[in-house]
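Dear colleague,

Please find below the structure I wished to pass on to you. My notes on what was found in it follow directly after it.

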Amino acid sequence: MCGIVGYIGYREAYPIVLKGLQRLEYRGYDSAGIALYNEKELKVSKTKGKVADLKKKMEQEVDTSGTLGMGHTRWATHGVPNDVNSHPHVSNSGDLVIIHNGIIENYETLKKELTARGYVFHSDTDTEVLVNLIEDVIKKEKVKLGKAVQIALTQTVGAYAIAVFDKKKPNEIVVARLGSPLAIGVGKDEYFIASDASPFIEFTNNAIYLEDGEMAVVRRDKGVKVRKIKDDSLVDPYIQELQLNLEQIEKNNFDHFMLKEIYEQPSAITDTYRGRLLADEGIIRMAGVDDNLERFLNAKRILIVACGTSWHAGLVAEYIFEDLARIPVEVEYASEFRYRNPIINPDDVVIAISQSGETADTMAAIKLAKEKGAFVFGVCNVVGSSISRETHAGAYTHAGPEIGVASTKAFTTQITVLTLIALKLAKAKGSISNTDFHMHLQELETIPQKIEVALESNAHIKEVAFKYKDARNCLYLGRGFNFPVALEGALKLKEISYIHAEGYPAAEMKHGPIALIDEEMPVVVIATRKGHYEKVVSNIQEIKSRQGKIIGIVTQGDTSVRDLADHVIEIPDTIESLTPLLTTIPLQLLSYHIAVMLGKNVDQPRNLAKSVTVE
Ligand code: F6R
């Protein structure tokens, strides 16, 4: 959480840093700030609110010249979002400037020690403590900024991606990372610092991704020197060529990133299986699985760890793995798993699912599983992310950047990857017949086109959204493979429209939630023809007799649910295990339209951030 960006070179830093912050705003958006140095003066401007508020403030108050600059967009951890707690923070001497993404856990102890030595603190943040600790090291040890950052960091406990400069030495920025991402864009006589590559993609395709425990001194004239924080050893940095392009991170003609990303699902899923799914040959190629096939086949069980939407994808995978590959699966919230002393055996396979690849709880669960000797496989979207590096092997979802805070295409591409793995294992184990295997492969290939068809209901879904936009509560019901989709539909509605919603297995309704149903209660029921259809129709009858309002997600041509429901939204027919890839689409659109009609900030819902790098 929090986005950091910096520039040192020959161009004006302000527009680069500002644009960078706008692109990183998905990481946090409760306050923002920029520091600029123009060879004469240091200017720091910060404000509670969004980057747009900062822009307004800076354009009114501040001279924005300078070829050295840094900016920060915040998701508050220590201290409420206000101007003073916003970053950048400046040291007591007024010389050092810092931006920080992460948490310094022992900041109170450090603060006490520094206060006793005369340091004064203006904010409630851990970051202001860190910048003064660095200053203190410079004074006490008589060392340069790079060394001081290194020494100070060895006294901290916590996680960080930081960038620091000294206005008296304006030719360098010192950066470091542990547990929060940090990329250095390498241009000609100019360098960029950012939480991900999006702020500098139009300037350079070359990036160095710092590893955990590394720091770098980035010099305008002499380039980048990377070393390990702990033992001071120099590291030869790997300069990676970026695959990202500008179009992927712009909204294009869509009103919101979320809508763009919903519409990108056909192409995102095609990208997910490109080169992996060879339907005509009856082959699934996945290097991460092929190279570790024995581990998968010998696994007594598969443990899936994830959070939020990724956890829902894990639940879908549980149904698919058990149904097709006949391997027992347990799905765990990473945040529970890491602290509950779970039983993990060396012959377990742990699959960690994460869009961002940075989620702190998922990362901790992976480390725990590795300590216990399990083989850990990652399913991530962000290439080179911490989780993709921490796992023994993995498969990327290749969904492209997901910028809307509410996850959409990440979910369906995660399910696609997990389905490919399940099918591959089923084939290798012989738990699926050849005919069924081929049928699944052929059908999977048709999914992108079927999603296109599902998207054609957008206008109708908007009408349904208008009818229920003022509901206070909403129930989502599904069975089997679509029970996790009901959970995901409810999560989408709550997080962007702030309407209370719950997902349930349809048959569980009569064990409690049915008491909630009256004429005010919309109930979204996933009632596709394949998958306990008659049972779900009975559940719909039960809702109907209690005057609940029914929105049925049905297979094209359905008549039974149509007769009972207040509204139906059709999706194309497919095999049961693949229905989640289609039933999810109308639920995403329904939440989207309701949130837009309520005037909510769809891409940046309150209190949330895209990558949750704190526990
Ligand atoms: C919901 C959402 C979150 C994330 C969760 C895990 O729309 O986006 O629930 O799914 O924070 O994030 P990742 O997948 O990045 O580990």
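Helices (H or I, at least four residues) and strands (E, at least two) are taken as DSSP runs and numbered from the N terminus. On that numbering, Asn-607 is placed in the segment after helix H20 (579-597). Please note that the model is a predicted one.

Backbone exceptions

Most residues other than glycine have a negative phi, and most peptide bonds are trans. Asp-232 belongs to the loop between strand E13 (223-228) and strand E14 (234-235), and it is partly exposed because its relative accessibility is 30%. There is also a cis peptide bond, between His-87 and Pro-88, with omega about 0°. Pro-88 sits in the loop that runs between strand E4 (68-74) and strand E5 (89-90).

The eight-stranded sheet

Eight strands form an open sheet with antiparallel pairing, in the order E3-E2-E4-E1-E10-E9-E11-E15. Strand E3 (42-48) and strand E15 (240-241) are the edges; each has a single partner strand, so one side of each lacks a neighbour in the sheet. Within the sheet, strand E1 (residues 3-8) runs antiparallel to E4 and is joined to it by six bridges, with Val-5 opposite Gly-71 of E4. Helix H1 (residues 13-24) packs on this sheet, where it touches E1, strand E2 (31-37), E4 and strand E10 (191-194); the directions of H1 and E1 make about 160°. Helix H2 (residues 51-61) lies across E2, E3 and E4, and runs at about 135° to E3.

The five-stranded sheet

Which strand order does the open sheet of five strands have? The order is E24-E23-E25-E26-E27, and the pairing is parallel. Strand E24 (500-505) and strand E27 (567-571) stand at its edges with a single partner strand each, so one side of each has no neighbour in the sheet. From one strand to the next, the twist averages 20°. Strand E23 (residues 473-478) and strand E25 (residues 522-527) run parallel and are joined by three bridges; in E25, Val-524 is the bridge partner of Tyr-476.

Strand E18

E18 runs parallel to strand E19 (residues 329-333), to which five bridges join it. Val-305 faces Glu-332 of E19.

Packing of H3 and H4

Helix H3 (residues 107-116) packs against helix H4 (residues 126-141) at an angle of about 50°, and their axes are 9 Å apart. The two helices are therefore oblique to each other, and their crossing is left-handed. H3 contributes Tyr-107, Leu-110, Lys-111 and Leu-114 to the contact, while H4 contributes Asp-126, Val-129, Asn-132, Leu-133 and Asp-136.

With kind regards

Conventions. Residues are numbered from 1 along each chain as its sequence is written. This is a predicted model: local features need pLDDT of at least 70, side-chain atom pairs count only at pLDDT 80 or more; totals for chains, interfaces and linings use all residues. Side-chain values use heavy atoms; hydrogens and water are left out. Axes are lines fitted to C-alpha atoms, for helices over the stretch in contact, and angles run from 0 to 180 degrees between N-to-C directions. Angles under 35 degrees count as roughly parallel, over 145 as roughly antiparallel, 65 to 115 as roughly perpendicular and the rest as oblique. A crossing is left-handed if the near helix is turned anticlockwise from the far one by less than a right angle, and right-handed if clockwise. Contact means heavy atoms within 4.5 Å. Two strands pair if DSSP finds at least two bridges between them. Buried means under 20% relative accessible area, exposed over 50%, partly exposed in between (1.4 Å probe, protein chains only).
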